[in-house]
Amino acid sequence: MILGISASGRPKGVISEAVKAILTASGSEYEYISLSNKNIRGCIGCTKCASDNRCKVRDDWQEIEEKMLKADAIVFGTPNYYNSINASGHACLERTFCFRHREIYDLAGKLGVVVSSGYNKENNVVNSFIEKMMLSNKMAVVAKVNCSGYSQCYTCGY
């Protein structure tokens, strides 16, 4: 099963649609999650997860945590905000720290697909950050997709 996660604030935005398109094109069983209506805080560094590789902070993370663990592959997409990953995407990826204690990497071997938007296809810092987080969890990044589309208001003046 493939898990698609869109960190876009727009449920039908460019990133959301790109993640959905990849899932559909895979021909495999999949599930799609939008973070746009989720409440996921960043890691607070309490290290309570070190005992069993499960985060103890209660919010919408637990739903995603279980789905990530069951998935064979994860397609993770987030827009580029100010040449950086957006806050909901960062919080979600940050919480995967709970999967990495005691030399146990719960996401190890899962396939990863990186999806982002960016202004510089050769040096997409958002793609690089998502890839770094996946590799830190010993996932195998098999593809990186750079989308273009709707520009943020700070580029158009409106």
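Modeller: Helices (H or I, at least four residues) and strands (E, at least two) are DSSP runs, numbered from the N terminus, and by that rule the protein has 5 helices and 7 strands. Along the sequence they follow the pattern β-α-β-α-β-β-β-α-β-α-β-α. This is a predicted model, in which local features need pLDDT of at least 70 and side-chain atom pairs count only at pLDDT 80 or more, while totals for chains, interfaces and linings use all residues. Residues are numbered from 1 along each chain as its sequence is written, and side-chain values use heavy atoms, with hydrogens and water left out.

Colleague: How do you know that the radius of gyration agrees with that of a compact globule?

Modeller: The radius is taken over C-alpha atoms, and the globule rule is 2.2 Å times the number of residues to the power 0.38. For 158 residues the rule gives a value near 15 Å, and the protein has 15 Å, so the two agree. The C-alpha atoms fill a box of roughly 50 × 35 × 30 Å along the principal axes.

Colleague: Why is the aromatic pair of Trp61 and Phe99 called tilted?

Modeller: The structure holds 1 aromatic pair. Rings of Phe, Tyr and Trp (its six-membered ring) pair if their centres lie within 6.5 Å, and planes under 30 degrees apart count as stacked, over 60 as edge-to-face and the rest as tilted. The centres of the Trp61 and Phe99 rings are 5.9 Å apart and their planes stand at 45°, so the pair is tilted.

Colleague: What makes this pair a tie between separate parts of the sequence?

Modeller: Trp61 lies in helix H2 (residues 61–70), whereas Phe99 lies in the loop between helix H3 (87–95) and strand S6 (111–117), so the pair ties together parts that are 38 residues apart in sequence.

Colleague: Are Trp61 and Lys70 buried or exposed, and how do you know?

Modeller: Buried means under 20% relative accessible area, exposed over 50%, and partly exposed in between (1.4 Å probe, protein chains only). Trp61 has 0% relative accessibility and therefore counts as buried, and Phe99, also at 0%, counts as buried too. Lys70, which is in helix H2, has a relative accessible area of 64% and is therefore exposed. Of the 158 residues of the protein, 43% count as buried.

Colleague: Which residues of H3 are buried, and what do they pack against?

Modeller: In H3, Gly89, Ala91, Cys92, Leu93 and Arg95 are buried. The buried residues of H3 pack against H2, strand S3 (73–78), strand S5 (84–85) and helix H4 (125–136), where contact means heavy atoms within 4.5 Å.

Colleague: Why is His101 called buried, and which residues does His101 touch?

Modeller: His101 lies in the loop between H3 and S6, and its relative accessible area of 11% is the reason why His101 counts as buried. Leaving aside residues up to four places away in sequence, His101 touches Cys49, Ala50 and Asn53.

Colleague: Why is Thr47 called partly exposed, and what is its phi?

Modeller: Thr47, in the loop between strand S2 (30–34) and H2, has a relative accessible area of 49% and is therefore partly exposed. Phi of Thr47 is near 60°, a positive value in a residue other than glycine. Arg102, found in the loop between H3 and S6, has a phi near 55°, a positive value in a residue other than glycine.
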